[in-house]
Amino acid sequence: MSALQEKARELLASAAVQVVIGYGRGSGGAARAVFIREATKAGDLVFDGTCLQNLAVYLMKPEVRKLGKAALVVRPATLRTILQLAAENQIAENSLLALVPSAEEIVLLATFAAIEAHVAALDSDLSTAEKAELQRFTALGLDERRRFWEEQFSRCLKCYACRAACPLCYCTRCTVECNQPQWIPVPAHDLGNLEWNVMRAMHLAGRCVNCGDCSRACPVGIPLYLLNQKLVSDVFTGFNSRSGISARSDNALSTFKPNDPEDFIR
Amino acid sequence: MARIGVFICHCGENISATVDVMKVAAEAAKIPGVAHSVEYKYMCSDPGQQLVKNAIREKGLTGVVVAACSPRMHEPTFRRACAEAGLNPFLCEMANIREHCSWVHEKGDATTDKAIDIVRTLVAKVKKNKALQPIKVPVTKVAMVIGGGIAGIQASLDIANAGHQVILVEKEPSIGGHMSQLSETFPTLDCSQCILTPRMVEVAQHLNITLFSYAELESLDGFIGNFKARIRKKARSLDEKLCTGCGLCTQKCPSRRIPSEFDAGLGLRPAIYVPFPQAVPNKPVIDREHCTYYRTGKCRLCEKVCPTQAIRFDQQDEIVEADVGAVVLATGFDIKHGDFFPEYGYGKYRDVIDGLQFERLASASGPTLGEIRRPSDGRVPETVVFVACAGSRDPAKGIEYCSKICCMYTAKHAMLYKHKVHHGKPYVFYMDIRAGGKMYEEFVRRAMEEDGVQYVRGRVSRIFERGGKLVVKGVDTLLAARPLEIEADLVVLATAGIAQPGAEELAQKLHVSYDAHKFYAEAHPKLRPVETNTAGIFLAGACQAPKDIPESVAQASGAAAKVAALFSQSELVREPLIAVVDRQAPPVYSSCVGCFLCQSACPYQAIEKEEIRGRDGQLLKTVAKVNPGLCQGCGTCVAFCRTKSIDIQGFSHEQVHAEVLALLNRGERDA
């Protein structure tokens, strides 16, 4: 039994948590989310390089919340998601345990402060490879980028898989579902697709933790991560602000600081 | 079914000269839902308003669109007319075809088409309007005046004499402000302190005025009629109740070589001090930065000599909270100091001084007891050069405005100098002389003609020292534009009047707007000169722009009158154009997800948390709620809400969307 399985068994057996949300093996050997509720099933847990999904998305589901206190197997982006959700008043202190898997010992983070400290030691910036790709992309001309996105969005099916996979798309009524008035058209035509994707990107500006699940979920392979990473980078360079590093709200777009570097707003 | 009335105004010829108002009326009549469409020469006139009222009654209108000027101008007029005819006033909208159309376009079909589009848009909106009821909020009849200079003193006395409570907050140890530093005042040359100090004493003795000297505003929350102020009373390091103001401590204090702020750095004061003998309140304060005890832990001489044991070395700042209904900002101005004038040697040569320093030299209570003696060696200067516009009206220096007071005080300085040093030679370098004011021009003429002050029209390029004299190099642009060199003993720079150093920070605490130079902005430059854009906060004196004493006093009385008018009612009626958060039936309760990003976005702290609980008290949901008293209807939260759970009454999503569609559909129709 691996250290992770042992820890999960112990937590469930002692009733410290009612459910362990982690990764298991699905069809074709793919990693999938599992919800372990009995200590005897702890052996189903796996953790390896195929386990990429941001499991924090399940924390926002009412049916998962009903199961009771959860322990969550986390990756770095998952921890930042937890902090961002806390900053947005979506999860309460002491409502979950974060299990950070590692080869030797499982690290257990029980409080937001502990998660903040853990995240502070990680590099939350875009990776060198991500920055290089973004650089190449933004170096393209405006027309070229517009053509690129028109081509990409023309394939969008409006299946909303990106929204379902995103842990920060937790609104019970999404803007796209507001129909009195209908700001964003429902059909998957060019204008509607553009409006939907731009709206979603803007709603994540200053909030997205760059977990990449939207791009992985997209059935037609639209590189949504590029939009999000551009916004992550712009929010950081423009406002020196990063999402998911504190459990207290400091949203770049909804706060004003008197020492703002831009003077037009004063 | 909507029955909308459209009323198109010619505005004399303001609209009808460029817009075909007949065509607008004819086209408006074709819009679905429009039951009545007429044009008239002056819709805001009595007969014009009567047209609106009659149509409401006779045709049973459900909404009114007045196509005329900006809603800032006449929306209240027509809303009142609608209310008088029995239609809810918020079912009336203005279509601005003047500022947005006739004034900015040439006469032509395109201009008329645009006017029709504007009307079409507003008809689409008004169909979605809902009847709204005004909001009533109580008024706390206490005014807070910030700044105890002449403007703050005047405003406080006027409000207090109108029978209302006043809290006067002054950051310095004494009230009086710059006026207390002045020697004589133009154009009458009466002694500044002689006319000011009785007012200061009146403030101290007035039963309706609570004075917080040596205090600053910490924060201000709330809204017109209902502000909550937190005032920081800085520690004077003594018990004000025990102190009798005998002055023994200030006489015995061993640290006596501290530049006096009151004497503009020309005199010295001890570490425990009263700024000037007529100070109100006449209680000293310990300057902890310079006090031997605070620096070394030894001394405490003042404590030993104090006959009432009033000294409190361990005193802390105290925060006082107060409910106030109105605020008068009277924080005054400052002048440019320091290295702003390297070419004039200001700060380098001790005998290059600014206007305030000259005031102290000329003042009987000043460091030289009113004798004009130059700071370096105490000699009486034989030649004095006064430089007007030192920094002012100089775009290169970043101050393009006129500081307004310098022409007059420079004439006064030159005159005072001449009255005290009869054989002295005063020169004034000036750009233009601006002496607009009662008896002002005569005053300047007197300086020139009776007192023999040499006026030189031209600017000073450089001032440097040569053989114990200050060489002033300039140009006389009137007499053949010849360069001029004057050897002076003393140079007085009329440096630019600027905003107080803390002006921006205070404005942000109060949420009032200010201009590029950090002077506070009035709500309207002509028609609302003493109000800010934040309701319930008024302006008095030089914090708005450089001003002389009579102007500051007049504005202070104006602000006081506004406060008194506000306090004349016990309830304030506000327009209900505020944000509301969605509420609906269980099990949803509200589409708000409670992320509260709107809370930090709200500039007015108007968003609160509301806990929705079941019958058993169980918490079901925590959602946002807008405090109707605080909300100003700016709409920032609406733009921020991802779930579109917030709407502005009178500018709802539905209304705005209908307006946009009205314009888009017009394109389809034409195609």
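Q: What counts as a helix or a strand here?
A: Both are DSSP runs, numbered from the N terminus. A strand is a run of E with at least two residues, and a helix is a run of H or I with at least four residues.

Q: What kind of model is this, and how are its parts numbered?
A: Residues count from 1 along each chain as its sequence is written, while chains are lettered from A and ligands numbered from 1 in the order in which they are written. This is a predicted model, where local features need pLDDT of at least 70, side-chain atom pairs count only at pLDDT 80 or more, and totals for chains, interfaces and linings use all residues.

Q: How many helices and strands are there in chain A?
A: Let's apply those DSSP runs to chain A. The tally is ten helices and five strands.

Q: Which radius of gyration does chain A have, and why does it agree with a compact globule?
A: The radius is taken over C-alpha atoms, and the globule rule is 2.2 Å times the number of residues to the power 0.38. For 266 residues that rule gives a value near 18 Å, so chain A agrees with it at 20 Å.

Q: What percentage of the residues in chain A is buried?
A: A residue is buried if 20 or more other C-beta atoms, placed from the backbone, lie within 10 Å of its own; 12 or fewer makes it exposed, and in between it is partly exposed. Of the 266 residues in chain A, the buried part is 34%.

Q: How many residues of chain A and of chain B are in contact with each other?
A: Contact means that the C-beta atoms of two residues, placed from the backbone, lie within 7 Å. By that rule, the numbers are 18 residues of chain A and 17 residues of chain B.

Q: Where is the proline of the cis peptide bond between Gln180(A) and Pro181(A)?
A: Most peptide bonds are trans. The bond joining Gln180(A) and Pro181(A) is cis, with omega about 5°. Pro181(A) sits in a loop of chain A, between helix 7 (161–165) and helix 8 (190–204).

Q: Is His511(B), with its phi near 60°, exposed or partly exposed?
A: Most residues other than glycine have a negative phi, yet His511(B) has a positive one. This residue lies in the loop between helix 14 (503–510) and strand 29 (537–539) of chain B. Because His511(B) has 17 C-beta neighbours inside 10 Å, it counts as partly exposed.
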